[in-house]
Amino acid sequence: MLATLARTATRHPRTVILTWLLLLVLGLGFGTRVFGDLTSTVEDVPGSESVVADELLGRLTPDGDSINAVLSGADVESTRVRAQVADAVTDVRKQPGIAQVPDPYATRGLVAEGGRALLIPVTLKGGLDDDAEEEAVGDAADRIREIGAADVAVSGGPLLGEQLGGRAQEDVARAELITLPAVLIVLLLIFGGLRAAGLPLLVTVSGVAGAFLTLYGFSQFTEISVYAVQIVTMLGLGLAVDYALLMVMRFREERGKTDDVARAVHATVSRAGRTVLFSGLTVAISLSGLVWFASPFLRSMGLAAGAVVVVDMLAALTLLPALLALFGGKIARRKGKPAAEPGAFFARVALFSARRPVAVGTAVVAVLAVLALPAFGMRINIGDARQLPESTEARQLYDTVREHYPAGTDTDPVRVLIRPGAESGYDGAIRALPGIAAAESERLPDGTVLLELTPAGSVDGPVATRLVEDIRDLRGTDPVEVTGNAASLVDFRSMLAERAPWAVLTVLAGLFALLFAFTGSLLIPLRTLLTTLLSLGAALGVVVWVFQDGHLAGLLGGEGLGALSLTAPPLIIAIAFGLAMDYELFILSRMRESRLETGDDRAAVVEGLRRSGRVVSCAALLLAIVFGGFMTGGFSPILQIGLGLTLAVLIDATVVRMLLVPATMTLLGRRAWWAPPSLRRIHQRYGLREAPPAGEVPVRQAPPSP
């Protein structure tokens with residue numbers, strides 16, 4: 001397969017490039033439309049009690065979603081403000097799609113104490129289609145914003161999703177504006193020439209276009225979260241740089257051996273292309289674990305991100321070889337005397353670890369274990385507007401309400417539906433449960449009693465979630481259902497606990513099989529998975545320490561929230577696990593080449609690090625730049641994911657791959673490449689191995705593993 005791709009790229013480079021140019025135009029032309037179809041809802045689990053009860057409540061009540069506006073910065077009871085508010089309320093009530101807008105001055109609780117703020121809730125009619133709802137929300141918000149006598153912030157409901165989608169588009173544009181020039185500068189420093197540095201950048205832009213087009217395609221069949229466009233673009237950008245860097249660096253190395261550009265391209269695709277192929281598959285397998293979860297958000301993230309990985313992999317294996325075939329002759333070769341060969345530093349580091357494997361391994365494991373400790377106290381929640389930057393309208397509304405109104409104002413309550421047929425007395429029994437700050441009830445047309453409970457503390461904090469669990473324990477088998485944000489969080493956590501073992505088993509089994517196909521060993525995959533879990537735990541522990549516990553979060557533009565966003569841990573784990581496999585494969589491929597050439601297991605460890613250390617370090621640096629660019633938006637879930645991935649990449653590419661890998665490989669010795677005879681025969685028959693370019697003498701094979 002790789003040989004076929006190499007032949008196609010060298011024989012028909014212009015056709016390949018034109019095909020990718022068409023994809024680029026489609027991605028930037030149509031793919032960017034995905035920004036208009038994003039949703040901010042991530043916690044719903046289809047079929048869960050909270051979702052079923054919410055759907056029932058929607059059928060039993062005539063009203064639809066609502067948005068809220070808050071006025072501040074002036075005396076809201078002044079004649080001028082009153083007049084403008086009255087005119088705005090009157091106009092909004094007349095607009096199509098609006099169910100009700102109460103008189104804020106005649107409704108208890110909407111005017112803040114001392115006249116320092118004023119809330120204006122707007123309720124939409126039920127049953128509106130998407131276009132009608134969008135128009136109603138936009139017209140109402142625009143009219144309220146025309147109130148010029150005070151500061152106005154409008155958000156909530158469907159408007160929040162629209163605002164987050166706009167913010168996501170701004171953040172992606174800002175990240176690309178920061179990241180692409182920074183990546184180009186680093187590539188120039190790595191390669192010392194514009195041609196070599198520009199090729200990875202072309203692949204990167206194609207990868208981003210492919211990411212947009214992939215997301216837009218998925219948006220036609222499923223909801224795409226506001227987080228997805230940032231995460232998938234971040235991942236697509238980073239992996240495109242990684243793969244292109246590996247291929248171009250290997251091409252320069254092969255050009256040092258031959259004047260034939262086509263031959264160098266074939267050798268590059270045969271050897272580095274094999275690593276890219278396996279690397280892309282490992283990342284895709286890591287992301288496939290997300291498909292096990294019943295959450296549409298996690299499933300769509302797994303599918304979309306996995307598709308983007310495939311796009312990047314194909315670009316590196318087709319577009320880049322075609323570009324090299326056309327322009328590779330003008331790229332400077334990597335030559336030099338043996339003493340000047342790059343990688344001496346990495347060889348010394350590998351030798352240091354190989355000579356002291358027990359001491360180095362023990363020290364590294366101890367440090368990573370300490371960093372991972374906070375992860376054992378990790379909590380997740382849905383979060384509130386504090387996750388957003390202070391400049392956003394939703395955050396301004398949140399801060400104003402918290403400053404001027406009592407706790408619980410404008411928060412999502414725990415909603416309890418006591419259906420006909422339930423035993424009497426539930427209303428009183430539920431009200432007597434601990435953790436309730438306020439309670440209201442009403443009887444719906446079918447006889448269902450709707451009980452709205454304002455929990456003490458945050459809307460999805462431990463008190464609120466415990467209240468949901470207490471109510472569900474109290475009801476027994478009676479028709480009593482609970483919904484609301486806290487109930488959604490309880491259901492989401494339950495779904496994670498139920499599906500996580502299957503997801504983990506799928507990913508570990510898939511990666512183990514793929515690593516066996518790559519190495520022909522049973523012990524290397526086991527060692528790789530254990531060391532990767534260790535580095536991942538360390539990265540996740542630091543994220544908990546920063547964003548949950550609040551240490552140094554302000555330096556990153558965030559704050560301690562007492563819990564992580566429920567989106568962050570599963571995405572950090574899935575993506576970081578795949579990225580860690582990237583660097584493991586980069587190193588193992590060169591170790592394997594050296595072992596096949598020399599038959600010396602210990603020398604292969606040092607030589608593998610010498611040959612791959614530079615590309616792994618450069619790739620990690622470039623990925624850190626990419627993730628750092630996306631962290632400039634200030635959106636807390638993205639900050640958490642960006643920090644987690646950056647740390648996972650840097651820890652894995654430095655401490656783990658440069659110190660722990662050579663230490664453990666040295667301790668294992670020849671046993672590292674061991675497999676039972678039956679599996680070794682299977683690998684020899686079916687394992688994917690690169691063939692040497694035509695005319696090249698095959699290298700001497702290492703003795704069989706014991």
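The legends below accompany several close-up views of one predicted protein model.

In this predicted model, local features need pLDDT of at least 70 and side-chain atom pairs count only at pLDDT 80 or more, while totals for chains, interfaces and linings use all residues. Residues are numbered from 1 along each chain as its sequence is written, and side-chain values use heavy atoms, with hydrogens and water left out.

View 1. The protein chain has 21 helices and 12 strands, where helices (H or I, at least four residues) and strands (E, at least two) are DSSP runs numbered from the N terminus. The C-alpha trace spans about 90 × 50 × 40 Å along its principal axes. A compact globule of 706 residues would have a radius of gyration near 27 Å, and the 29 Å of the protein chain agrees with this; the radius is taken over C-alpha atoms, and the globule rule is 2.2 Å times the number of residues to the power 0.38. Of the 706 residues, 55% count as buried, a word that here means under 20% relative accessible area, whereas exposed means over 50% and partly exposed lies in between (1.4 Å probe, protein chains only).

**View 2. A patch of negative charge on the surface.** The patch gathers Asp-129, Asp-130, Asp-131, Glu-134, Glu-135, Asp-139 and Glu-162. Such patches are made of residues with over 30% relative accessible area and no salt bridge, like charges being joined within 9 Å and nonpolar side chains (Val, Leu, Ile, Met, Phe, Trp, Tyr) within 5 Å. Helix H5 (residues 130-145) gives the largest share of the negative patch, five residues. Asp-129 has its place in the loop between strand S4 (117-125) and H5, and Asp-129 counts as partly exposed because its relative accessible area is 47%.

View 3. Side chains of opposite charge can pair when their charged atoms come close. The structure holds 29 salt bridges, each defined as a side-chain nitrogen of Lys or Arg within 4 Å of a carboxyl oxygen of Asp or Glu. In one of them Asp-142 pairs with Arg-145, with the closest N and O atoms 3.3 Å apart; both residues lie in helix H5, three residues apart, which is about one turn of the helix. In helix H15 (residues 462-475), Glu-469 and Arg-466 are likewise three residues apart, and the closest N and O atoms of their salt bridge are 3.4 Å apart. Glu-469 is partly exposed at 31%, and Arg-466 is partly exposed at 46% relative accessible area.

View 4. Asp-601 forms a salt bridge with Arg-595, the closest N and O atoms being 2.6 Å apart. Asp-601 counts as buried because its relative accessibility is 10%, and Arg-595 also counts as buried, at 9%. Elsewhere in the listing of salt bridges, a network links Arg-250, Glu-253, Glu-254, Lys-257, Arg-271, Arg-590, Glu-593, Glu-597, Glu-607, Arg-610 and Arg-611.

**View 5. The backbone at Leu-552.** Most residues other than glycine have a negative phi. Leu-552 is not a glycine, yet has a positive phi of about 65 degrees. Leu-552 lies in the loop between helix H17 (523-548) and strand S12 (564-565), and with 52% relative accessibility Leu-552 counts as exposed.

Terms used. Areas by Shrake-Rupley, 256 points an atom, 1.4 Å probe, with all protein chains shown as cover. Lys, Arg positive; Asp, Glu negative; His and termini not counted. Charge placed at Lys NZ, Arg CZ, Asp CG, Glu CD.
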